[in-house]
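Please keep the sequence and the model in view while reading.

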Amino acid sequence: MTLFRKNLIDGDWVGEAGSRNINPSNTGDVVGEYASAGPDEARQAIAAAKAAFPAWSRSAPLARHAVLRKAADEITARKDEIGRALAREEGKTLAEGIGETIRAAQIFDFFAGETLRLAGELVPSVRPGVGVEMTREGVGVAGIITPWNFPIAIPAWKIAPALAYGNTIVFKPAELVPESAWTIVDILHRAGLPKGVLNLVMGKGSVVGQAMLDSPDVNAISFTGSVGTGKRVAAASVEHMRKFQLEMGGKNPLVVLDDADLAVAVDCALNGAYFSTGQRCTASSRLVVTDGIHDRFVAALKERMEKLVIGDALDAKTQIGPVVDATQLKQDEDYIAIGRQEGAELAFGGERLGRETPGFYLQPALFVGATNAMRISREEIFGPVANVIRVKDYDEALTVANDTPFGLTSGICTTSLKHATHFKRNSEAGMVMVNLPTAGVDFHVPFGGRKGSSYGPREQGRYAMEFYTTVKTAYTFAG
């Protein structure tokens, strides 16, 4: 019997059957059926969150701590089960699914602690006898819109701080990964959240997301997704004078210099470009390699790519799972065709693969002879496709790395302290990695980029407070 998951609105599970969730490793496997909210349900969720805000925003820190702490503990205890379900619906490997689940637990644990570390400032006024207090308060109703590529970690790093700082939530997850979203909401609901504090509205972005954008009662929106949709979120939010936070992707460079440790450079490129099937906004899709190491780097990377095990996400031997769905697979294949038409050489991969079960399997692709002006170097593909751009020296590498409309993350592989230090200071990215993959960040430090990648305060760590709170300054004259 196929399981059926409902939406959570004002503390009640509601809704009728809507859409099916398909396993990308085996398209004959239905993960479940999920309610699809309409505009009326979205408006009900917003109203519930608005009504719940006064009490939740003034609740004792220990009450919020208890909910987040219980959620962290349950996610940890169920990491294998939840990680397996994540891999089954999204297509990343079982190890990656479990790892992401653990990260979600760590995020809830961190923000449970933050509820007990809330602080303000008390300073004397320039006027005698007057005291001044600066405190932070929750913003109000937070609309949270998340993508499919990290179906439990990204909801966690938005939901946890929103709750910790006293906000109420209307949560719209990506349609492709409703099981992970439902699971995290169910855990928080059972952990003791009052009704209306967290509302889950699964459904189409054009319906549910639009209702959130149109509502004057949504005080802040945190969005992760495409550039086009992000611009729509921004325009609608300006109309209502609400706070908004956007994470919209990247075209991230990994610079490999002549003096790099070859094994380290290849490990960074392989992991950054192809793990999680390349479906990460932090993926290394541009490999900027200097002349002296170029040929050895390409040969060594191809050798490693030939050994990659591509298969069912739930198979413990699999290193690269399927692409998430047919639409994404077509997009990847279209860009591979574009790369060839532009004159880049497909040095490895790029072929659709057959496996024991029908799925969206694609052999990771590597282009060489690419230039930074090509579409495959300018536009985010969001799949296991990377291209090598050959440059003469560090100065040209830095110029090419920065020549992009995005600015999420960047990396450099070098044994030169001089070049590493200069790159960290001069790379036009929000996050910089030295001798590490561009993909892979810690949960307790800020996440975000520059230019077309991000807008608004950073996510994660204590920096999340900047988005989910507003500052109040209060003056008192004692008489």
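The sections below treat aromatic contacts, charged side chains over rings, salt bridges and backbone angles in a predicted model.

## Aromatic pairs

Seven aromatic pairs are present in the structure. One of them joins F111 and Y165 in an edge-to-face arrangement, with 6.3 Å from centre to centre and 85 degrees between the planes. F111 belongs to helix α4 (residues 94-114), while Y165 sits in the loop between α5 (153-164) and β9 (168-172), so this contact ties together parts that are 54 residues apart in sequence. Both partners are shielded: F111 is buried with a relative accessible area of 0%, and Y165 is buried with a relative accessible area of 4%.

A further pair is made by W157 and F447, whose rings are tilted, 5.1 Å apart centre to centre and with 40 degrees between the planes. Because W157 lies in helix α5 and F447 in the loop between β20 (431-434) and β21, the pair ties together parts that are 290 residues apart in sequence. W157 and F447 are both buried.

## An aromatic cluster and charges over rings

F111 and Y165 also belong, together with F110, to one aromatic cluster. A charged side chain is found at F110 as well: R117 lies over the face of this ring, 5.8 Å from the ring centre. Elsewhere, R5 is placed over the face of W182, at 3.8 Å from the ring centre.

## Salt bridges

The structure contains 29 salt bridges. In one of them, the side chains of R88 and D29 meet with an N to O distance of 2.8 Å. This pair links distant parts of the chain, since R88 is in helix α3 (residues 79-90) and D29 in strand β5 (residues 26-35), 59 residues apart. How exposed or buried are the two partners? R88 is partly exposed, with a relative accessible area of 25%, whereas D29 counts as buried at 19% relative accessibility, because buried means under 20%.

R69 is partly exposed with a relative accessible area of 27%, and D73 is partly exposed with 41%. D267 and R304 form another bridge, in which the closest N and O atoms are 2.6 Å apart. D267 counts as partly exposed at 39% relative accessibility, and R304 is partly exposed with a relative accessible area of 34%. Salt bridges that share partners also join E74, R78, E81, D186 and R190 into one network.

## Positive phi angles

Most residues other than glycine have a negative phi. M241 has a positive value, near 55 degrees, although this residue is not glycine. M241 is located in the loop between α8 (227-240) and β12 (243-247) and is exposed, with a relative accessible area of 74%.

K451, likewise a residue other than glycine, has a positive phi near 50 degrees. K451 is found in strand β21 (residues 450-451), and at 36% relative accessibility K451 counts as partly exposed.

Notes. Residues are numbered from 1 along each chain as its sequence is written. This is a predicted model: local features need pLDDT of at least 70, side-chain atom pairs count only at pLDDT 80 or more; totals for chains, interfaces and linings use all residues. Side-chain values use heavy atoms; hydrogens and water are left out. Helices (H or I, at least four residues) and strands (E, at least two) are DSSP runs, numbered from the N terminus. Buried means under 20% relative accessible area, exposed over 50%, partly exposed in between (1.4 Å probe, protein chains only). Rings of Phe, Tyr and Trp (its six-membered ring) pair if their centres lie within 6.5 Å; planes under 30 degrees apart count as stacked, over 60 as edge-to-face and the rest as tilted. A charge sits over a ring if NZ of Lys or CZ of Arg is within 6 Å of the ring centre and within 35 degrees of the ring normal. A salt bridge is a side-chain nitrogen of Lys or Arg within 4 Å of a carboxyl oxygen of Asp or Glu.
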